[in-house]
Every structure is written in C-alpha cells, then in structure tokens.
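Hello,

Here is the structure for your files. My notes follow below.

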Amino acid sequence: MDFNDTAEEAKFRKEASDWLSANAEKKEHSRDVYRPAELTGEGGESSALQDAKDWMTKKYEAGWACLHWPKEYGGRDATAIERVIWAQEESKYKVPGGFHEIGQGMAGPTMMLYATEEQKKEYLPPMAKGQEIWCQLFSEPGAGSDLAGIKTKAELDGDTWTINGQKVWTSGAHYSDYAILVTRSDFNAPKHKGLTYFFLDMKSPGIEVRPIRQITGGANFNEVYFTDVKIPDSQRLGEVGDGWKVALTTLMNERLAVGDASGVDFQEIFELTKESDFNGENAISNGGVREKLADWYCEYAGLKYTKMRNISALSRGDTPGPDASITKIVSANKLQDIANFGMDLMDNASIVKSDDKDDIRALFQGSLLGAPLIRIAGGTDEILRNIIAEQVLGMPQDVRVDKTVPFNEIPSGSKN
Amino acid sequence: MNFEFSDDQLVMKEEVRKLFEKEDTVKRNRNILEGEENFDKDLWNKVVEMGLTAVTIPEEHGGIGLGFLELCVVAEEMGRAIAPIPYSSSVYLATTAIINSSNEDVKKEYLPKLAAGEMIGTFAHSEELGTPTSDNAKTTFQTGKLSGEKIAVPDGDIANIFIVSAKCGDNVGLFLVDADSEGVEVSKAECFDGSRSYANVSFKDVDAKVIEDSSSEAIEKLLNQAAVLFAFEQVGGAEASMNMAKEYAMGRYAFGRQIGSFQAIKHKLADMYISLTLARSNCYFGAWALGNDAPELPVAAATARVSATKAFYECSKENIQTHGGMGATWEFDCHLFYRRARLLSANIGGQSLWKDKLVSSIERSNLPQ
C-alpha cells in the first residue's frame, strides 16, 4: 500500500505538469473553473464547444489525448495509472471539457473492438483530435431502462440499411458529427436477439434533431427522428442480430466515462457552513450540521478511495467491473442532498435566482435542478442497484416475461 | 501508486480466515453468549499459537515485528469471525499504547508477555454515560498512585493489566496498572453482547507506571489507531452479515420464487454492498495512514470509523430483516452480529462523537485538498 509515485510515475507526472503549465491557466481554488466567453447556444454550449474542441486538438498534437489508446489510433499507449496521473494534473487547470466523453469514452472503445482496421484508422484519430463530436443513439420513448425494448427499425436492401424510428435523451445530438446507433432488425426474434448496431454520419439525410428543454432550463438532450436514413452495411458493428452484445460493451464503458456527478460536493458545503450564519454563529458550529458534514465527507472520501482501489485493480490488469456503478448512485444522491441542504442554509436568500456564475447561489441552484437528471442518465439508481445485486453479488434476475417470446408480441411503453 | 494490501498480507489474511472457519467461531461466540465462561480460552490459545498477539510487537521484545497493515487484515477476519476473545482490548489497545510509549522499562517488562499471550491487557477509559474524550477523565494520577472509577471496561474481568486514562496535572495521560495490585476492585458487568466480557473497575491508591504523562495527545493517538483497527473489524462483520443475507435470500422461496429475485430484496443487498464498499475503501486509507503514522491519521481514522460503524449497523440490521421472522429468533445467528455491531459502535466512543471529531479534524487540517 503506497500512495507515492514510483520514479517512473513521478517522471510522467512532471512531464504532464510541465506541458500543462506551459499551455493552460492554473486554477486558484477548486471553484475557479473554466468559464466560456459566451453562453448563447440552445444547450448553453456555444463558445464552450469550440474551446473544448481546440483544447482537445492541442492535447492531441502534443500526445496528451486518449492517453490509453494505441498510438496508431491517436493515443499514447499509456498505462491506467498514467491516465489517472494525467487526469489529476489536468484537473488543476482551467480547461474546457464535457463534449468528448461519449466519443472517446464509449464509441471509441466499441469501435476498437468491432470496427474494421480501415475504419479504425479512418475514424479514431479524428475522434482523438477532438474536432469531431460523437453522440449515442440508444434510448427511445418506449425503451429507457429497458433498453433492449427499442423499436427503431433497420431494414437491409442489398448493401444498404434503411432506418426509421425515433431516439430520445440524446445528449449533444444537435452538435454531433457522428453517432453510434442501436436498431431492431428483426421484430419476430426475441427481444435481445433482433438488434443490430451501427455507426453513422449525423449529417445523413433524413435525420431530424429536436432539442428537449430540461428542468435546468438548458437543452442538452434531444429527440432524434429517422426517416428513411441510409447506412451502408459496412458501418455495422458486430453481426446482424448481435447488437445487444455490442451495446453492452458501450454501456460497460459508459459507467467508466460517466464518473462523478458534477456540481456541489463536500468542499462547497464545507465552505458554505463556515461562511453562513445560523442563529448568530457559523452554521458549522451546529451539531446537526456537523453530523451531515461528517456523513458527506465519508461518502466523498469513500468514493475517492474506491476509485483508487479500482485504479489499482486496473493497473494489475483486471478489467473494469460493474463496481463502478456505486460511484454514480452515491455521487448523484450526495449532490442532490448537498444542494438541497445548502439552499436550506441560505434560507430565503436561496430563493432569489442568480445567473451570476460566481455567485454561490447559482452553483447550489444549478446542482439541485441538475441532480435529478444525473440520477437518471446513464442508468437510473434502480437499474444500477440491479446491476450491483446481479453482477457483483450474483443474485438472480427478476422473473422476466419478455425474454423468450417474439418481440412483436411484447407490450411496451406507456399505455395511459 | 498501489492501493491494495500486498500478497504476503493477503496470504496472512487467508490463513487467519481459515483458522476461524475451521474453529467455527460463530458457534464459539454462541457458546460464550449462552455459557458461564467470560471468553473462549481454547480459541485464544490458537490465536496466540498463530502469533496473532505478537504481530506489531518488535522482535527485540518477543514479537514478530510486522506493521499495522498486517494487524488490519487480522482485524477484518476477527470481525468476520465475531471471535469471543479479548483480542481487541489486548492487541489494538493495551499493546499499541505500550508500543507508543517512550517508557523502555515498561516495554521490556510487558511486551514479551503480551506477545506470548500469557498476559492480557485492556484500556480502562470510560467513566460515565456519554462519550469518552481525552479530557473528561476524573481518575487521577499523583506521585505513582492512581485513583478513580472506570466503567464498562472491555474484558476488565479478564485482563492482567490495565492501561488507564487519568488526570495528571493539566494533562490526561496514560498509566499502567497490574490487575492484581492492591486497591484494584473488579466487578463483572452483564454485557449487551454476551459473547464479550465487560467489568466496572475501581482503583484506590494503586501503584501505577507512566505510559505517557506529558500531554493528552497520547490518548487521542491511541484512540485514532484503535479506530482504524476496529473499523476493519466492523467491515469484516458487515461483510459477513451481508453474505448471510444473500445466502438466505437465494435459498428462501416465496411467491413461487427465490426472494433474492425480488427487487425489494436486491436493492436492499445493493445498498448493503455500497455502504460496505465505501467503508472498506475508507478503511484502506485509514490503514495507510496508520501504517505510516501519517499526519492524515486523525481524519483517516474518523472517516474509517464513522463509515464502518454505519456499514456494520446497516448490514447487521438488514440481515435480520432479510431473514424475516427467523432472523429475529435466538436460534438464528443474525443477532450475534447485530449485538457485536452495537458493541463495536460504542467501545471507543459512539457515532456522534466520531462524526464531531471528524469535522474538527477536517477544520484543523483544511482538508480536503
């Protein structure tokens, strides 16, 4: 058990930190994060998107993008530990991010396993370079947690597939260049057997993207409609009817890519309780407040060290397990509770809306509204608990009435 | 960076687990709970034979000279086994207090006997209802003599020596008293967890040796060290409880199927696993801080303690719930873990105390980074 860098790790850390200090601006404190010059786009992304692309390209050109990918696909062949060291160092700087996770974190690893060598050489380096953004066309109005229940139809004619249907909750579809897509190619096969997986150009004719306004007021999610969209068979990943298996690869990587819920955490509530007044003294002097702080610190630290244990496992060559599900359940609920309690401490002042990003109220208000989305996106709390019970603890699946019958005989979606 | 126990440490853990499985410690726990003996002497001898009372004691004093990390893996197994022996009192508390001490004479005299298991020690600290802090002791030490009343002393009726907290000038220090000294009176107390023994102990002008009298920090340090070790015991107990619940849920059928296939039960088990995993990870950091005597120890120990206390409580109570009515019978073993969870939550200060300590330590250290 040793938290110190080995000589080799220290050398890597120095190299990373030297490059960062020459190319980015260091944060002065934890809240001193990157802020876009303007927030005018539908999803509030505008200049942030271009800044994030440019920062990724800068990293790519210096060999700091997609660190763990093979060099031939634009990576660095770095070890798991080096990847963590880089993330630790980069987090000390005010740099834009949040647009490349689906491409580099989910589509990339899936392509790595299922695309042809030619396709990997064509698509992966630009993905690493970061000027091209990818999105994930999985969920549908009748298939969210029950993802295998999708109905978007794929029909093959010669070498070309025709896609018709609707996807929903697609983060970033409105600015994406490419997408990964799961469709149903056989409605007579059982649910999990009739799926086929593709990647496609988001500028293909017949794709219509409609933003969904979320409870935060922003619109990062979209509905995506397909009307006779054509995809060449060469862009199929995995066998026809084997799409569920490919989708599971993507989803397993999603749990690693999603990580901690962003927003207020222990640091913010700790600072707030030191600053805010409660019956004439600082809130942190109050016993009830201290109990909550202790609980949140234990969760905060527990996640931090769980992640370090997972990294240790990765560096020993173990594959990432479903254990990572814990991170999202705990961090999203912690986020919601901290945001709610922080606003409670601010009392009536918390009701007055603030759009000033430097105002601590905006941070807590934004987190409170964002938390419900995080508890649902990328696997709901409930689905993740099923995953922990079934895949970690080895408990039996719930009795299923939909696994062996033809898909077109299964009721689905809302009937009210 | 490597955040795991070493292969040697894991082998040691496996050996201890095998011993406890072979000895059926859960059955032994029940025997002590239901019988007249105050601890399982046969199991104690086997633990001594394996060298487990000598783990952290330097070789020059008859020990094996390993570190606290090795003791952490033993502690986890001790918790899983709910072993009915005075191990924590003698090893985590009394032995550690003497190892911390700068009194070489005391080390020379007592450590070899503690290592050999022929002497059992404990820590006499609490004096009244409420939380034992380093500065609330009313027991006093003056010119070699110690006087006061200590309550709920773990294994107080078993121990041959007491490490006693007592006021000494402006400080609260630590002192060593031989149990057979004149003026020591031990009265056995009925214990909430009858697999362990507790006693009230009064000291009237008894001879005492100085372990540490120059500051109150020695007690805080000892409590922090013990907190990490107890947290490992709690994690072991929590995991055993979770596994019992899982086994039962897989083998019990209702409404035509395994109750473990119902989400109401699965989600309960998932929550137990989450609580256990967070506690385990915090314990690992605690082990690192303990093993390296790092400045992070106060925060790391309190974090491990608070989350492990929570995990064992949750896992032991939900284990009973998962078992339904059978879980609440004397016959089933669930309550043995539930009792032990409660005992371990209280023995070096309860949850509220440690939560408060944790926040104070964070305030002092300006954590987190």
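What distance separates the centres of domain 1 of chain B and domain 3 of chain B, taken over C-alpha atoms? The centres of these two domains are 20 Å apart. This is a predicted model, in which local features need pLDDT of at least 70 and side-chain atom pairs count only at pLDDT 80 or more, while totals for chains, interfaces and linings use all residues. Residues are numbered from 1 along each chain as its sequence is written, and chains are lettered from A and ligands numbered from 1 in the order in which they are written.

Domains within chain B

Chain B is assigned domain 1 (7-115), domain 2 (121-212) and domain 3 (217-365); the bounds come from an automatic or database domain assignment. Domain 1 of chain B puts 22 residues into its contact with domain 3 of chain B, which puts in 23 residues (contact: C-beta atoms, placed from the backbone, within 7 Å). On the domain 1 side, α2 (25-34), α4 (68-80) and α5 (87-100) of chain B supply at least two residues each, with the largest share, 10 residues, from α4(B). Helices here are DSSP runs of H or I, at least four residues, numbered from the N terminus. That side holds 12 nonpolar, six polar and four charged residues (nonpolar: Ala, Val, Leu, Ile, Met, Phe, Trp, Tyr, Cys and Pro; charged: Asp, Glu, Lys and Arg; polar: the others, Gly among them).

Between the chains

Chain A gives 36 residues to the contact and chain B gives 39 residues. On the chain A side, α7 (266-275), α8 (287-315), α9 (325-346) and α11 (381-392) give two or more residues. α8(A) gives the most, with 14 residues. The chain A side divides into 21 nonpolar, six polar and nine charged residues.

Regards

Conventions: Two residues are in contact if their C-beta atoms, placed from the backbone, lie within 7 Å.
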